Amino acid sequence: MANNDDQFKKVISHAKEYGYVFQSSEIYDGLSAVYDYAHNGVELKKNIRDYWWKAMVQMHENIVGIDASIFMHPTTWKASGHVDAFSDPLIDNKDSKKRYRADVLVEDYCAKIEAKIEKEVKKAAKRFGEAFNNDEFLNTNPRVLGYQEKIKTILSRLGKSLEKEDLADVKALIEELEIACPLSGSRNWTDVKQFNLMFGTKLGASAETAMDLYLRPETAQGIFVNFLNVQKTSRMKIPFGIAQTGKAFRNEIVARQFIFRMREFEQMEMQFFVKPGTQKEWYEQWKETRLKWHLSLGLGKDNYRFHDHEKLAHYADAAADIEFKFPFGFKELEGIHSRTDFDLKAHEEFSGKKLQYFDHEDNQSYVPYVVETSIGLDRMFLAVFSNALVEEELENNTTRTVLKLPAVLAPTKAAILPLVKKDGLPEVARQIIDDLKWDFNVIYDEKDAVGRRYRRQDANGTPFCITVDHDTLENQTVTIRHRDTMEQQRVNISDLKSIIKQEVDVKSWLMKM
Ligand code: GAP
């Protein structure tokens with residue numbers, strides 16, 4: 001079994017080899033934390049986006065979509081608080097000259113304690129065998145309790161210091177914990193400073209008149225500034241939501257871990273506008289709904305957990321992350337935030353325009369409260385992709401690499417393979433493609449022996465291989481092979497569409513919610 005680092009390296013190289021993700025501008029040695037999606041990657045990404053859009057917009061009568069521009073009036077970012085408060089605490093190591101996020105150094109330290117807990121659990125599970133009770137062990141073992149308490153104390157102090165902007169205490173914490181630079185091992189740190197994450201650019205042709213702009217660091221603000229336009233034209237009544245997917249940009253201090261933390265990435269966000277005072281209920285409801293969406297994809301219940309924020313963003317009165325078990329541990333995948341009326345009120349103040357909703361039932365106007373769900377599309381891609389990549393030992397002592405993507409998300413649903421390149425078999429395969437391609441993304445593959453083609457499609461994540469052989473010419477039947485079980489069935493060509501649909505249909509997957 002590969003360790004987590006090896007597994008992650010395999011994920012990255014598989015993503016490149018099979019046309020999912022390339023480093024941007026690779027011929028110029030790449031650009032840090034910027035990636036391109038290749039022919040398979042773009043399909044997987046689109047399928048994830050569609051799966052989200054179907055669940056969030058089209059399945060909800062009271063949620064509508066928009067597509068706002070990346071450029072926004074610069075005052076937007078003053079009002080939203082991003083100009084003043086969208087920053088991360090950075091610290092430099094004086095010996096290695098490496099720059100880190102101070103809070104991440106502390107969180108990584110805690111992750112190491114967490115790993116110790118996992119080690120204790122594994123040891124105890126081995127010792128007690130069948131009688132082992134995971135929850136009881138976590139709640140009673142003195143060593144584990146000690147570790148948990150330590151993590152809690154450290155994170156709570158970090159949260160408080162960041163909230164109070166007490167950067168000296170963040171540095172003191174790093175020193176007290178004796179955290180060393182992962183590169184040089186040195187503990188020679190600079191002071192902690194705040195670093196704004198927004199990218200600036202200019203609009204206009206002449207230097208004198210050009211206007212300073214920002215590339216949006218979140219898609220949410222495009223929704224807030226359009227709130228009244230959308231509400232009026234869509235005739236929505238509160239509670240209702242506005243959703244959008246689109247690019248966001250952040251000048252991340254430390255951008256590592258492949259597509260987990262990028263400088264240009266895509267978000268899928270939904271702002272749900274509610275009556276003041278009801279936000280807590282909606283916050284809980286959206287936490288539950290969003291977790292169900294994740295679970296519908298079958299990546300494993302144990303791979304998710306909630307993490308309530310200690311340090312709240314400048315706009316929130318409650319916030320939680322849905323964390324996923326990536327190859328490098330549990331990390332944030334999605335955020336659910338109760339954003340109060342902060343954004344709409346701020347835009348009212350800065351624009352001088354009213355952004356209020358007239359509630360006919362209560363006969364009063366108010367600025368709605370907002371509960372937001374916000375997920376990174378690239379991060380979701382990484383969750384799905386890394387979870388899917390497995391190496392299986394087969395009965396004949398060989399291994400196969402298979403990308404067990406949820407069939408609903410797989411880039412290609414079926415590969416059509418003529419057994420040989422002659423005797424009219426390619427022509428029949430092409431006819432099957434011509435029929436199926438109206439409903440599914442399918443491909444033709446005639447190169448190499450059929451066994452090798454099966455392996456290639458396993459590694460590509462294609463749920464079905466359909467083989468056309470000489471019997472097909474006689475009786476209009478083909479062999480359909482299932483990626484995960486490797487089972488093969490003989491079926492009529494006329495049944496192919498319904499067999500594939502059963503496995504890849506969005507409805508049957510979303511019905512699991
Ligand atoms: N509108 C709220 C907001 O932007 P966030 O927690 O900063 O909240 C939401 O971001 C989600 O966007 C995260 O949960 C993550 O999935 C994704 N995300 C944030 N920064 C990212 C980055 N640098 N690279 C990739 N995804 C990122």
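At what angle do H5 and helix H7 pack, and how far apart are their axes? I started my notebook with that one.

**Ground rules.** I'm working on a predicted model, where local features need pLDDT of at least 70, side-chain atom pairs count only at pLDDT 80 or more, and totals for chains, interfaces and linings use all residues. Residues are numbered from 1 along each chain as its sequence is written, and side-chain values use heavy atoms, with hydrogens and water left out.

**The helix pair.** I looked up H5 (residues 102-128) and H7 (residues 142-163). Helices here are DSSP runs of H or I with at least four residues, strands are E runs of at least two, and both are numbered from the N terminus. H5 and H7 pack at about 165°, and their axes are 10 Å apart. Axes are lines fitted to C-alpha atoms, for helices over the stretch in contact, and the angles run from 0 to 180 degrees between N-to-C directions. That makes H5 and H7 roughly antiparallel (the label for angles over 145 degrees). I also noted that H5 passes H7 in a left-handed crossing, meaning the near helix is turned anticlockwise from the far one by less than a right angle.

Which residues meet there? From H5 I jotted down several, including Val 106, Tyr 109, Ile 113 and Glu 120; the H7 side includes Val 144, Tyr 147, Ile 151 and Leu 158. Contact means heavy atoms within 4.5 Å. By class, I have 12 nonpolar, one polar and eight charged residues in the contact of H5 with H7. Nonpolar covers Ala, Val, Leu, Ile, Met, Phe, Trp, Tyr, Cys and Pro; charged covers Asp, Glu, Lys and Arg; the others, Gly among them, are polar.

**Salt bridges.** My rule was a side-chain nitrogen of Lys or Arg within 4 Å of a carboxyl oxygen of Asp or Glu. The count comes to 41 salt bridges.

Glu 120 is buried at 11% relative accessible area, while Lys 123 is partly exposed at 48%. (Buried is under 20%, exposed over 50%, partly exposed in between, with a 1.4 Å probe and protein chains only.)

Next I checked Glu 266 and Arg 49, which meet at 2.8 Å, N to O. Glu 266 sits in strand S10 and Arg 49 in helix H2, so this pair ties together parts 217 residues apart in sequence.

Last entry: Glu 392, Arg 400, Lys 404, Arg 455, Asp 458 and Arg 481 are linked in a salt-bridge network.

Conventions: Parallel < 35°, antiparallel > 145°, perpendicular 65-115°, else oblique.
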